[in-house]
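Reader: Could you take me through how some of the helices pack here, with the criteria spelled out as we go?

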Amino acid sequence: MVGTENNARFRLAFSLVNGSQDLGPNSAPASNAGSECGGIEFTREDVEALVSEKMKYKNKFNYKERCENMMEYIKRLRLCIKWFQELEGEYAFEQEKLRTALQLTDRRCSEMEVALKNKEEELNLIILELRKSLASLQEKLAKEESEKKAAVDSLAKEKEARISIERSQASLSEELDKVQGELDGANQRIASINDMYKLLQEYNSSLQLYNSKLQTDLDAAHETIKRGEKERSVIVENLHNLRGQHKSLRDQLTSSIASQDEAMKQKDSLLNEVACLRMELQQIGDDRDRYQQQVQSLATEVSKYKELATNSSELEEKCLSQGNQIQILHDQLAVAERKLQMSDMSAFETRAEFEEQKKLINELQNHLVDSEFKLIEGEKLRKKLHNTILELKGNIRVFCRVRPQLPDDSSSNQGKVVSYPTSMEYLGRGIDITQNGQKHCFTFDKVFMPDASQEEVFVEISQLVQSALDGYKVCIFAYGQTGSGKTYTMMGRPGQLEEKGLIPRSLEQIFETKQALQPQGWRYEMQVSMLEIYNETIRDLLSTNRDASRNENGVAGKQYTIKHDANGNTQVSDLTIVDVESSREVSFLLDRAAHSRSVGKTQMNEQSSRSHFVFTMRITGVNESTEQQVQGVLNLIDLAGSERLSKSGSTGDRLKETQAINKSLSSLADVIFALAKKEDHVPFRNSKLTYLLQPCLGGDSKTLMFVNISPEPSSVGESLCSLRFASRVNACEIGIPRRQLNMKTSDSRLSYG
């Protein structure tokens with residue numbers, strides 16, 4: 001905006017825009033070098049007058065005059081808009097300039113404070129050394145005085161040795177003078193040090209005055225920045241016009257669905273045409289082979305006749321008796337040659353038809369490739385619409401992953417128990433389990449075959465991880481029996497970059513996106529916590545004192561309580577929360593938590609996870625330009641594996657762990673069944689696991705479950721139970737996800753909701 005003191009000059013400039021020529025010699029607008037608008041500037045009144053200006057016409061049916069007036073009005077509007085854009089650029093440049101000056105001033109202040117602290121430390125060391133020397137001199141002086149007293153006493157007692165005593169007294173007096181001189185020098189040095197200390201105090205006070213002056217300059221700079229931001233907010237309000245695009249996007253959605261249906265119909269018709277053409281091509285090929293065989297037989301007959309003709313000299317006697325036969329053979333040869341010519345022509349025509357059919361087949365194949373590309377694009381659109389529908393419904397998404405066969409797996413003659421449908425409707429989404437000759441079919445949002453890589457799995461959930469940065473609550477957890485690959489899916493294999501799990505890849509994506517959004521004005525803060533639920537007891541995996549959360553010798557360790565607030569956030573009391581700035585810091589914390597997690601050996605898995613692992617990252621973002629605040633939560637959970645006691649062979653502590661794991665997973669199943677039936681009471685409090693996951697299962701969170709299964713025939717019963725449970729989970733509706741906007745981060749306690 002422009003100040004009011006130059007209103008007269010601005011109004012003259014505005015009149016220049018309106019085409020006025022009556023400018024005085026002192027009313028010329030100020031030059032603005034490098035600007036497209038020249039010296040033209042506007043006030044608020046000028047802009048309002050320009051916007052509210054109504055066209056006046058001498059004749060309302062004179063369209064030429066109306067067009068000329070409208071073009072002149074549009075030119076003035078363009079000049080005004082260009083002036084506003086240039087003014088905004090100047091404010092942005094001034095703001096950046098003030099920020100750099102502020103950073104330079106802060107850096108200088110910090111350097112001066114460090115130098116002052118170093119100087120103070122040096123002076124304190126000098127004062128300590130001088131005080132030590134003064135104490136030693138005082139001790140020497142006390143010793144000399146005691147010796148002097150002893151000498152005086154000896155002088156009174158031994159008058160006979162007066163001469164020797166006087167000599168000793170003289171020597172003592174000389175030494176006393178020397179000590180006195182040293183004492184005077186020390187006092188002078190102390191006085192000089194005191195003067196230097198006073199000078200340093202004065203210098204410190206001058207630095208404090210300079211610092212206060214810099215602080216006032218900083219406050220003034222902040223005020224100018226705030227004024228600039230307020231003026232920019234007027235321009236930012238124009239962004240609200242984008243809401244009208246929502247309706248156009250819906251129209252595009254309906255049109256894309258219709259185009260997908262048309263593409264499917266076209267593909268079916270093209271497939272039928274290709275089948276017919278292939279049959280015709282096969283028939284033409286058979287006719288061609290038959291004609292070629294006929295041509296070859298005629299050629300052999302011609303060669304035989306030619307051999308007979310060459311041997312005519314030897315058969316002259318026989319030719320007389322067989323003249324009639326030779327004539328007949330000549331006639332037959334002529335007929336054969338005519339047939340050969342006709343067959344050559346038919347072969348040429350057949351070849352031409354073959355080339356035409358080949359071109360037609362190539363065109364159809366290209367058309368088929370285009371149709372398949374459109375079908376793939378339609379499938380991507382279907383996935384996107386499917387995810388949108390699931391979000392609107394509030395369903396829990398379920399991905400199924402089948403681990404590959406391992407070298408240690410027992411060989412069986414039962415054959416494969418896991419198969420995948422190949423129809424377009426269920427391709428990549430269906431899985432079939434065969435048990436006792438009976439096939440059980442399941443359909444999920446995505447099914448990963450054993451050869452699927454960690455990268456392919458992460459690509460499917462990357463957009464869900466991105467939602468945490470956008471201010472949503474996101475929860476991803478892995479479920480399945482022991483040894484089915486849950487920990488490998490979530491954590492990966494240590495030391496191998498290509499086999500990193502979902503947790504490390506999600507963290508890398510979050511921090512990369514954080515860096516990419518900084519030019520847009522977004523600033524993020526990340527907080528991380530990690531815990532495990534072992535035998536219905538919460539353990540802090542990042543605690544420096546690990547024994548505090550364990551139960552040893554019957555003595556209860558540190559107790560952690562779970563609390564839910566009115567906003568659906570979850571807090572765990574006394575849990576260690578770490579602020580992180582990079583994925584490397586989080587990787588270090590993950591390694592630390594992995595070494596602290598409870599694992600054990602069973603007959604089903606040598607390194608079986610004996611607890612539920614919960615990784616939580618709270619993300620708080622602020623946009624400095626729009627003053628928008630978002631708060632998202634990312635929960636990544638590796639559940640302990642379900643197992644049968646008859647197969648795991650657990651005893652002692654492993655038996656207790658197995659019973660606790662199966663009990664918590666049974667409580668999770670009870671919660672899922674209650675949500676599927678939409679019962680009034682959902683038993684979240686039956687276990688620590690379900691109570692901790694209450695916001696993810698019954699709130700406004702985006703939730704995804706990985707169900708991991710083993711392809712071994714001996715595990716088909718457990719795999720079937722896992723897939724049935726996953727189908728129940730996929731049918732649950734937990735509520736529409738809600739983005740958390742404009743929430744102040746007054747409480748730094750990390751939440752799980």
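Predicted model: local features only at pLDDT ≥ 70, side-chain atom pairs only at ≥ 80, totals over all residues.

Reader: At what angle do α13 and α16 pack?

Author: Helix α13 (residues 653–676) and helix α16 (residues 716–730) pack at about 40°, with axes 9 Å apart; helices are DSSP runs (H or I, at least four residues) numbered from the N terminus, and axes are lines fitted to C-alpha atoms over the stretch in contact, with angles from 0 to 180 degrees between N-to-C directions.

Reader: Which residues make that contact?

Author: On α13 they are L668, A669, I672 and F673, and on α16 they are F725, R728 and V729, where contact means heavy atoms within 4.5 Å.

Reader: Switching to α8 and α10, how do their axes cross?

Author: Helix α8 (residues 454–469) and helix α10 (residues 502–517) cross at roughly 50°, their axes coming within 9 Å. α8 is therefore oblique to α10, oblique being what remains once angles under 35 degrees (roughly parallel), over 145 (roughly antiparallel) and 65 to 115 (roughly perpendicular) are set aside.

Reader: And is the crossing left-handed or right-handed?

Author: α8 passes α10 in a right-handed crossing, meaning that the near helix is turned clockwise from the far one by less than a right angle.

Reader: Which residues of α10 are in the contact?

Author: From α10 they are L502, R505, S506, Q509, I510 and T513, while α8 contributes residues including V457, F458 and I461.

Notes: Residues numbered from 1 in each chain as written. Heavy atoms only, no water. Helix = DSSP H or I, 4+ residues; strand = E, 2+ residues; numbered from the N terminus.
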